[in-house]
Amino acid sequence: RQMLTLALLPSANDFAASFAALTIGDDAAYSAAVAEWAGRHGLESLSLTEPTGMDEANMATAADVVRIGRLALAHPTIAEFTRTASAELPWGIGTVENTNPLLTQLPGVVGLKTGRSSSAGFNLAVAQEADASGRPVVKITAVLGRSSGAERARDSSALLTAMNGAAHPLQL
């Protein structure tokens, strides 16, 4: 649980690698496990060669990132991590902060995940609880390849706002 906290809140890639090594094995076993999981969930673009997210061969489309976000929110433990703004950890680490800036800036945001690499740029998958024509919904966006953290936050916020008027009731 503490390793997942480090991997998911401040995006500690070394802890993601350690967790994968302890639970799955080497990179080849990890890649095979991801391919099997992706196949079960219809994630055709997802390809991960290692668990840190830093290898340029790791990839997924924005559509599959949204699908992964939906799966993450359906898992109670993962959903709990994604909405946690900060956590206190042992080992002299102290307080770690969630790197999702929208978590505390927009009402109803329930998290998901930030990412960044030199080849992929700044990325953000974010979910927000909202109301659509009187019904509760969860809006999920994926913004990929931005040039800065501020740009990914701005574009994600704009997408969430644009979704507010997207739902329309239809007479059947």
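User: Which side chain does the side chain of Thr-114 join in a polar contact?

Analyst: Keep in mind that this is a predicted model. In it, the side chains of Thr-114 and Thr-99 are joined by a polar contact of 2.5 Å.

User: Where does Thr-114 sit, and is Thr-114 buried or exposed?

Analyst: Look for the element, then the accessibility. Thr-114 belongs to strand β3, residues 109-117. Buried means under 20% relative accessible area, so Thr-114, at 10%, counts as buried. Leaving aside residues up to four places away in sequence, Thr-114 touches several others, including Ser-11, Asn-123 and Arg-152.

User: Arg-152 is on that list. Which residues of α7 are buried?

Analyst: Start with the general idea: an α-helix has 3.6 residues a turn, so residues three or four places apart point the same way. Now the case here: helix α7 covers residues 149-162, and its buried residues are Arg-152, Ala-153, Asp-155, Ser-156, Ser-157 and Leu-160. They pack against α6, β3, β4 and β5. End to end, α7 reaches 20 Å from its first C-alpha to its last, close to the 20 Å expected.

User: How many aromatic pairs are there?

Analyst: The count comes to one aromatic pair. Phe-15 and Trp-91 are stacked, with 6.4 Å centre to centre and 15 degrees between the planes. Phe-15 lies in helix α2 and Trp-91 in the loop between β1 and β2, so the pair ties together parts that are 76 residues apart in sequence.

User: How exposed are Phe-15 and Trp-91?

Analyst: Phe-15 is partly exposed, at 23% relative accessible area, whereas Trp-91 is exposed, at 52%.

Technical notes
Residues numbered from 1 in each chain as written. Predicted model: local features only at pLDDT ≥ 70, side-chain atom pairs only at ≥ 80, totals over all residues. Heavy atoms only, no water. Helix = DSSP H or I, 4+ residues; strand = E, 2+ residues; numbered from the N terminus. Buried < 20%, exposed > 50% of the residue type's maximum accessible area, 1.4 Å probe, protein only. Contact = heavy atoms within 4.5 Å. Polar contact = N/O pair within 3.5 Å; in protein donor to acceptor, adjacent residues only side chain to side chain. Expected span 1.5 Å × (residues − 1). Phe/Tyr/Trp six-rings, centres within 6.5 Å; stacked < 30°, edge-to-face > 60°.
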